[in-house]
Amino acid sequence: MLGSYKRYWEPSLTEVVGLSVPVGAVATFLTQPLEFVKTRIQVRTEGIGLRQLRNELGVNPWRIFREIHETGGGLSHFYYGFDAALYSRLGYLFIRNFLYKAIYDQVKPVKPFNDLTLREKAVLSGSVGAFAAFVTSPFELAQVRMIADGGLPQPIRRNYKSAFDAINRIQVEEGGSRALFRGAFAHVVKLAALNVSLTGPYDYMKEKIWLVFGDFGFNHFLALTWASFWATLFTLPLDNVQTRVLKAFPDPSKNRLNYQNYLDVFKQIYFYERVYGFYAGAVPYYGKMFLTAWLTCTLVNGVMDSQKRAAGLEEWQI
């Protein structure tokens, strides 16, 4: 009988934001060393063909990890720039999820068993995600520069003390608030591509595995492994472009390569580094992608499932 069980449950705005932000903080903390190594690899790789060096000298993550670790400071060295990464990630999650849930609750059909269409959800998610990415791009700029700093020659290092010190100095030294949004377009496009290339393959593979094997514990793990591969394939070139734009100095004499626009970045990467340049940092980038997605899905789904049970839903509905 249709009325014998609770047909509908949905998290509140407070639950969505209150859960996603702490989970994002945990994921950011655990993946920061991977982000650090990935960015240093990208800095090392820039113009590697111009310097007549082999690509593997720039893209080998184990070599880069050992070199960074041997400079001293232990694991704490890999957390330089973590505050900027944390502000960027948590700000993005808060703005995106708050706006999405608030707008969703206002525009969805009145009947609780109805919902927005997939196209409406995609438009809403893409719009609020782009806005959140743009707003938080100054912290992304600070993060990339702080991590890249140790890979630059000593005389031209910026030596930012913190994320807010970086933001303040960028405003003062590079022409005001507008300078804080250097590379914001690349940041927005990368995150939009990431959402599409991660969620689509994940949903597809999870359904296929379920149809073949049923509801087993490894479905989630295998689907994320598959989806992280495609997300890396499609978004790492964009991430490499973003890193080069963000770390660049206004003074052309301090840059290894200078770029006129985004198209010129793509052209010079291919000219000096070929395809390898677009995928510099692939191993740590994939590791960060998978670990972030796994932590997020595992923790969020675990809490949501317990809340659904508490709300009276049957097991087959969860």
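# A tour of the helices and a nonpolar patch

Start with helix α8, which gives the most residues to the nonpolar patch, with 4. This is a predicted model, where local features need pLDDT of at least 70, side-chain atom pairs count only at pLDDT 80 or more, and totals for chains, interfaces and linings use all residues. Residues are numbered from 1 along each chain as its sequence is written, and side-chain values use heavy atoms, with hydrogens and water left out. Helices (H or I, at least four residues) and strands (E, at least two) are DSSP runs, numbered from the N terminus.

**The patch.** Select Trp210, Leu211, Val212, Phe213, Phe216, Phe218, Phe221, Leu222 and Trp294: together they form a surface patch with about 930 Å² of accessible area. Such areas come from the Shrake-Rupley method with a 1.4 Å probe, and for residues only the protein chains shown count as cover. Patch residues have over 30% relative accessible area and no salt bridge; nonpolar side chains (Val, Leu, Ile, Met, Phe, Trp, Tyr) are joined within 5 Å, like charges within 9 Å. A salt bridge is a side-chain nitrogen of Lys or Arg within 4 Å of a carboxyl oxygen of Asp or Glu. Both α8 (184–213) and α9 (219–247) supply at least two patch residues each.

**Helix α11.** Next select residues 282–310, the helix that holds Trp294. Now pick out the buried residues of α11, among them Pro284, Tyr285, Phe290 and Met304. The buried residues of this helix pack against α1 (13–45), α3 (61–70), α4 (82–107), α8 and α9, with contact meaning heavy atoms within 4.5 Å. After α11 comes Gly312, with a positive phi near 100°.

**Two residues with positive phi.** Most residues other than glycine have a negative phi. Go to Asn159, whose phi is near 55°, in the loop between α6 (137–149) and α7 (163–173). Asn159 is partly exposed, at 45% relative accessible area. Then go to Arg274 in helix α10 (residues 262–278); the phi of Arg274 is near 60°.

Residues 120–208 are 73% helix and 0% strand, with end C-alpha atoms 25 Å apart. For residues 215–306, the figures are 77% helix, 0% strand and 18 Å.

Technical notes: Buried < 20%, exposed > 50% of the residue type's maximum accessible area, 1.4 Å probe, protein only.
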